[in-house]
Amino acid sequence: MTVLTRARRLALLAGGLGLALAASGCATAEEAGVDEGTGAGTGTDVTGAEIDCSQFDQFGDSLDGTEVEVYTSIVTPEDQPFKDTFEPFTECTGITVNYNGTKQFEAQLPVRVQSGNAPDIAFLPQPGLLEQMVSTGEVAAAPEAVAQNVEEHFSEDWRDYGSVDGTLYAAPLGANVKSFVWYSPSAFEEAGYEVPQTWDELIALTDQIVQDNPDTKPWCAGIGSGEATGWPATDWLEDVVLHELGPEVYDQWIAHEIPFNDPRIVAALDRVGSILRNPDYVNGGFGDVASIATTTFQDAGIPITQGNCWLHRQASFYQANWPEGTEVAEDGDVFAFPFPQIGESAGKTVVGGGEFVAAFADRPEVQALQYYLSTPEWANLKAQATGPGWLSANTGLELDNLTSPIDQLAAEQLQDESVTFRFDASDLMPAAVGAAAEWRELTAWIAAGQDTQTTLDNIEAAWPAS
Amino acid sequence: MDWLLDADSTAHKLALMVVAVLAFVVVMGVILFAVDKPKRVPTWLVVAGFVGPALLLVTIGLVYPALNTLWLSLKSPDGSSFVGLDNYQQVFTSDNLQLVLRNTVLWVVLVPLISTAFGLIYAYLVDRTRFESLAKALIFLPMAISGVAAGLIWRFVYEYRPDQPGIEQIGLLNQLLVWLGLEPYQFLLHQPWNTFFLIVVMIWINAGFAMTVLSASIKAISDDIVEAARLDGASSFQMFRSVTVPSIRPALVVVLTTVAISTLKVFDIVYVMTGGQFGTSVVASEFYSQSFRQFNQGLGAALAVLLFVLVIPIIVYNVRQMRLAEEVR
Amino acid sequence: MSGQTDTSRVVTNPTGEIESRPRKLSRAEKRAIAAKNRLSSPAASVIALLIAALWTVPTLGLLITSFRVESDIQTDGWWNAFARPLFTGYNYVSALETGLGDNFVNTLVITIPAVVIPITLALLAAYAFAWIPFRGRELLFVAVFALQVVPLQVTLIPLLSLYVDLGIDGSFWTVWLSHTMFGLPLAIFLLHNFMKDVPASLVEAARMDGAGHVTVFFKVLLPLLVPAIAAFGVFQFLWVWNDLLIALTFAGGDATPLTSAIADLAGTRNNAWYLLAPGAFLAMAVPLAVFLGLQRFFVRGLLAGSVKG
């Protein structure tokens, strides 16, 4: 608590600086969102947690005093819970874990690997990158102990996403669910709206909102994300493809067994367009259809809290973007419902993402850490350490350890065997498509009104010949 | 040896820094002492002492990687097989290229000219005034800002919000438009104007560079020339046109060249603000995207070679200027 | 310094437009002239003010934003902070709480040698290119200057591979070396320009007196180049200070510089992008201080003054 008091004192001091800027009121700690219990770092302290040390005996007795470098794109403040969960591990084994996080990760990792300077372990945010790294020949296959854990605690789908050509290389780490539509339960209750279960109900609700609220738009969206501008639009398309055409077609689409501009995909994108390109439906709080292209994804849902928008499709991790003090709960200020099913044939499905633990070395201490990260024990510790905003596809993860209702809802979907999970398609396609052409063309589709067929033809043309 | 390579405590790092600087001083001292014997040492050895260390370093650090890039540009995306000129063919047949080249030319022409003009006028106007130091710091400020922060700053200038009740503008320019009774405008969206709005950011950053170098040059103009012109009754504008500008002409060429080359290489402004979308990409941003996002090393290398080619006119211009200067001397 | 050259030779004028020969001015006359030049024309003042305002307002916006409450930042423009003021230092506290101290030390340790070494080497090389006649001089100079266009990114893999082979990867040495390599072409190019501007008569006179090149370099040229060195020093300092690519690629986690730590403040998915604003101002303080500190070396007339002796 001394930290907080010091923080407050500093806040007052710095607030005084603000005061000097203009003779004015300065924000109280509450107004600035300094109050305890909000924001990041609200997990429980797990650094002293007891774990079963005997499980590391299988990695030999030369672990003490060794070091393992973990290289990742997960940076402050999300890195602290990771570091905390390493402490019980270090306590047991004597292995020091050097956590090295940078947002330049995705550009830097290939440079390091190609220069012979690969880290021991990297957290890869997409299977596409795993495949890329495996093709360099530097990635070590997952050790037997890890493979067993993955077999036991992860679904077959997740196991496949960590494998290349049938060999398991990387155990899944964290997960998120992308098929969510955010809304305001309190606003819905006031207006008497029900959460839609099907696509038709969703459109009917949208029309209802248009009718009832001439001053606002039902949907808000934003695909701006700096260099990655366009990715939220790919998520929209993936949601419709999976929920309408089902996992089989979805997989064929990723594997390029059907072309990117298959007539069914054209129809799916047109369906996305029936919302995103409908001037009556978008873009609440931000302007016309084109404004979707320049609105950043971080801002895109905020109008819901300001009464300028009703619906916003975005992943479970969007919970971190709500302004301080927004209550995320089924009866709170904001919450999310699962992306509705389109037709009957597709079954219950969900699109999501996650990270994978790839190792570039096979030293015992590296394998011990890989093993630790694939245990349910670690997943539960990590969930406790993080508080709201983290979950894993590990079936041993206890829902009680998740403090945020949206994390619980997401984890329920991941653990529900009747729900088919599929990884974000653009993360599985070649980078020239999934991290370039698709972003570029969908952005033009929104910003410049480029027609659907041309858009998909252009993406198809970018598919690398092989 | 370990002590030299693995510094992790603050004191250790600082000590290592001092050791490095001292080691450098000693090495250079020895080299210079060795060549400082006029008459007895042949000229080539003196030249080697002066130029050698720098040449050695740029050969390792830049020439070798540049040749390597040339070689990679002839190979497949992952560098495994030789594909001849395929990458170049791909570059030159892409529909995108014309646009990318047009944008690049716009950047390379406008940024140096305008930022140098602003830097020069400003350096001249504030020269020898009471507030010179502060005034110059204000223009210099953008240089001190990292790329990420610059993107953020300009977001609060260009950001668009619709003009409707209950919604406030966040971008300064759109607020000005609204105050003037006009519609807010999507500055970063509409081609080709969005490229100009991005160029403004680069000008904003580079004017400080131009101002600082040109100011140092202006101060190096001999007092006597200035005083003579003044005694002849030259007005401020005449002074500027017929004394200041001609006297610092070499510096102007240097500034234009430097800014032009750094503009050729710039990709982070485009990358941070539009991601190269909406028809704003330039050769450097395409290069970065191919090499580090799409993992197509071959194509990325070919684009880098295109950058080398684009700089040739600038080099030719400089060589001609140098020849002219030699003649004057 | 020989210092025997007379004034009229020093001002061998490059323009041919000023024909009157200068005469020695009294101190009072000089002061009167200096005073006259102080933005005497109102038009000049207006233009200067206008440029200053255009250049400063965007930054001012971010400065004010950095003191605003997050929800305000997202709802309305920073200029509203004047009408309905609500300021907080919380953003700064959050930024500082992440512990930027280590990163600050790293940046400092990286920056100082990475400024001193390339400038020294560049000065020596620029001297040779300007004042030692040798065969292939012009060609070599043009080649070095053309190297400016090599994008940093293409050098990363070849250089890092080399460092790994040498076994020095991950140390500060690689960062200093790399910054030196990348800074040299521009440094040589710029300093060469200033070097060349020194009147030939000065160098020739010293050479006549039997001074070697090393002596001429240290005794004649270096004192005259102080403003140029200060100016370029500021830039090299800035580039190194604001760089994140080189330190990240070559030195790894232990040497993470301030820039990278600040870029990471925004969080993995940029949720806390508003923390970038205070971060930017914290990172800017030192370069700005260096600029203001070095400004006194940009003093007027160093060249002419020293020549007059």
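Biologist: Into which domains is chain C divided?

Modeller: Chain C has domain 1 (32–88) and domain 2 (98–308). Such bounds come from an automatic or database domain assignment. This is a predicted model, where local features need pLDDT of at least 70, side-chain atom pairs count only at pLDDT 80 or more, and totals for chains, interfaces and linings use all residues. Residues are numbered from 1 along each chain as its sequence is written, with chains lettered from A and ligands numbered from 1 in the order in which they are written.

Biologist: How many residues of domain 1 of chain C are in contact with domain 2 of chain C?

Modeller: Contact means C-beta atoms, placed from the backbone, within 7 Å. Six residues of domain 1 of chain C meet five of domain 2 of chain C that way.

Biologist: Which element supplies the largest share of that side of domain 1 of chain C?

Modeller: Helices are DSSP runs (H or I, at least four residues), numbered from the N terminus. α3(C) gives the largest share, four residues.

Biologist: How should I read two packed helices?

Modeller: Use the angle between their axes and the distance between the axes. Axes are lines fitted to C-alpha atoms over the stretch in contact, with angles from 0 to 180 degrees between N-to-C directions. Here α6 (residues 132–140) of chain B and α3(C) have axes that come within 8 Å and cross at roughly 40 degrees.

Biologist: Which residues make the contact?

Modeller: From α6(B) come A135(B), L138(B) and I139(B). From α3(C) come A48(C), A52(C), W55(C) and T56(C).

Technical notes
Contact = placed C-beta atoms within 7 Å. Helix = DSSP H or I, 4+ residues; strand = E, 2+ residues; numbered from the N terminus.
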